[in-house]
Amino acid sequence: MRLPQSASQLRFSHHTLSSISRRPQAIQHLASSRNATLPLRSSMPSIPFSGSLFGSSSSSNMSSSSFSDQRSNDEWRAVLNREQFRILREKGTEPAGTGQYDKHYPSHGVYACAGCSAPLYKADHKFKSGCGWPAYFDSIPGAVKRHEDRSFGMARTEIVCANCGGHLGHVFKGEGFPTPTDERHCVNSVSLKFSPEDDAQAAQKGESK
Ligand SMILES: [Zn+2]
């Protein structure tokens with residue numbers, strides 16, 4: 001049996017080994033040289049490039065860091081049901097004509113994001129489009145972000161909640177609807193949560209019901 005040359009060397013080795021235990025290739029160097037920590041630097045792997053920077057298949061090129069609500073997918077799964085997660089976080093679409101708010105025309109109130117409760121649309125933004133999804137000619141200022149979506153071979157403008165990035169639907173322009181903007185925000189009911197009280201705080205309260 002071979003013993004370490006001295007107790008002090010043993011302590012040094014133990015301490016250093018535990019601090020670099022994630023790099024097993026370094027242990028051999030350590031055993032043979034007191035300066036082992038220096039060559040370690042050159043053997044460290046370089047930082048891999050993130051493939052997402054150059055990804056081309058994603059329908060979204062928005063950085064998640066541009067939203068103030070930064071919850072992870074696991075955190076969203078904990079608060080959303082399956083259908084909400086599929087549509088809000090995976091950019092799904094509810095079947096036409098099935099949504100809770102498709103034929104919903106209250107005289108006042110606020111439609112908030114079903115994910116983060118940020119107020120998005122007012123009742124008087126909503127109009128009858130006959131398209132099978134809730135339609136709004138405008139949003140609460142700054143509440144909705146839009147960007148180009150080239151999925152499914154179409155060039156469309158996706159709309160997301162400006163606070164959490166949750167997918168709402170798409171916006172279409174110039175269809176000839178008799179509205180002040182001639183725009184149609186085509187939104188999934190699943191992405192929304194209606195509160196009959198006409199202010200932002202009411203929408204927040206609506207969440208805790
Ligand atoms: Zn949101």
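Mentor: In this predicted model, 4 bridges connect strand β1, residues 110-113, with β8, and the two run antiparallel. Strands β1 and β8 belong to an open sheet of 3 strands, ordered β2-β1-β8, with antiparallel pairing. The edges are formed by β2 (119-122) and β8 (192-195), each of which pairs on one side only. From one strand to the next, the twist averages 30 degrees. In general, the strands of a sheet pair through backbone hydrogen bonds, in either a parallel or an antiparallel manner.

Now the loop residues. The phi of Lys91 is positive, near 60 degrees, in a residue that is not glycine. Lys91 counts as partly exposed because 19 other C-beta atoms lie within 10 Å, and a residue is buried only from 20 or more.

Phe152 also has a positive phi, about 60 degrees, and is not a glycine. Phe152 sits in the loop between β4 (144-149) and β5 (156-161). Phe152 is classed as exposed because 7 C-beta neighbours fall inside 10 Å, where the limit for exposed is 12 or fewer.

Methods: Residues are numbered from 1 along each chain as its sequence is written. This is a predicted model: local features need pLDDT of at least 70, side-chain atom pairs count only at pLDDT 80 or more; totals for chains, interfaces and linings use all residues. Two strands pair if DSSP finds at least two bridges between them. Axes are lines fitted to C-alpha atoms, for helices over the stretch in contact, and angles run from 0 to 180 degrees between N-to-C directions.
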